[in-house]
Amino acid sequence: AAYLDPGFDSGVAAMAPSKAKIAAAHIRNCSSGLCDIPDPHPFCREKNGRTWLFAHNGTISKTILLGLIDPDYLEANPPQYGANQSEWIDSDLYFIFLLQTLESKSWQVKPALGQALYRLHQVIPEESRRLNFYLTDGDTLWAYCEGNTLCYLFDTTGIAFTAIASQH
């Protein structure tokens, strides 16, 4: 568990004074692309004047994702890790696909996510869908659960907060 890592307490202590509205983390279980990369999640990209963070809990066919991403968009927004398709991380491609859809929907997040997920449903059989993710622009956090566990906690006692995690 993350909280058992020796760096957890120091990480929390370093973040706490920032008074950040959203804190994001992801522990990777490599299933695609380069597996010797330390901490590639959350993926981070600057778009539309905002900092977007994304993490995915699952595996998606890179071939399917590359079929959904416009080649010109991919060239302008290449994966952050790896030199070729065999090294690319499926989650990074998933993020690129979502960003492409967000741009096409003028950064209206809910309609864009709805369209992106609809398109994924058209090409990925139900039994193979591992689409869990979280996405944030620093002001709002969106999460989607399909295929793997996703736990949600909303607490209004004391200081209001929301937590989203793969495990309780």
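A residue counts as buried when its relative accessible area is under 20%. By that cut-off, buried residues make up 33% of the 168 residues in this protein chain. The model is a predicted one.

**The chain overall**

- The protein chain holds 5 helices and 6 strands.
- Along the sequence, these elements come in the order α-β-β-α-α-α-α-β-β-β-β.
- Some contacts join residues at least 6 apart in sequence; of these, 56% link residues at least 24 apart.

**Helix α4 on its own**

- Helix α4 covers residues 90-104.
- Is α4 mostly covered or mostly uncovered? It is mostly covered, with 13 of its 15 residues buried.

**How α4 meets α5**

- Two packed helices are described by the angle between their axes and by the distance between those axes.
- Helix α5 runs over residues 109-123. Its axis and the axis of α4 come within 8 Å.
- The two axes cross at roughly 125°. Angles of 65 to 115 degrees count as roughly perpendicular, and angles over 145 as roughly antiparallel. The helices α4 and α5 are therefore oblique to each other.
- The crossing of α4 past α5 is right-handed.
- On the α4 side, the contact is made by Y94, F97, L98, Q100, T101 and L102. On the α5 side, V109, A112, L113, Q115, A116, L117, R119 and L120 take part.
- What kinds of residues form this contact? There are 10 nonpolar, 3 polar and 1 charged.

**A closer look at T101**

- T101 sits in helix α4 and belongs to the contact with α5.
- Its relative accessibility is 2%, so T101 counts as buried.
- Which residues does T101 touch, leaving aside neighbours within four places in sequence? They are A112, Q115 and A116.

- Most residues other than glycine have a negative phi.
- S106 is not a glycine, yet its phi is positive, at about 55°. This residue comes just after α4, in the loop between α4 and α5.
- W107 lies in the loop between α4 and α5 as well. W107 is not a glycine either, and it has a positive phi of about 65°.
- Is S106 buried or exposed? Its relative accessibility is 55%, so S106 counts as exposed.
- W107 has a relative accessibility of 16%, so W107 counts as buried.

**N132 in strand β3**

- N132 belongs to strand β3, which covers residues 132-136.
- At 2% relative accessibility, N132 counts as buried, because buried means under 20%.
- N132 and Y144 are 12 residues apart in sequence. In space, their C-alpha atoms are 5.3 Å apart.
- Setting aside residues up to four places away in sequence, N132 touches A55, H56, N57 and Y94, among others. Its contacts also include Y144, C145, E146, G147, N148, T149 and L150.

Conventions
Residues numbered from 1 in each chain as written. Predicted model: local features only at pLDDT ≥ 70, side-chain atom pairs only at ≥ 80, totals over all residues. Heavy atoms only, no water. Axes fitted to C-alpha atoms, helices over the stretch in contact; angles between N-to-C directions. Helix = DSSP H or I, 4+ residues; strand = E, 2+ residues; numbered from the N terminus. Parallel < 35°, antiparallel > 145°, perpendicular 65-115°, else oblique. Left-handed = near helix turned anticlockwise from the far one by under 90°. Contact = heavy atoms within 4.5 Å. Nonpolar A, V, L, I, M, F, W, Y, C, P; charged D, E, K, R; others polar. Buried < 20%, exposed > 50% of the residue type's maximum accessible area, 1.4 Å probe, protein only.
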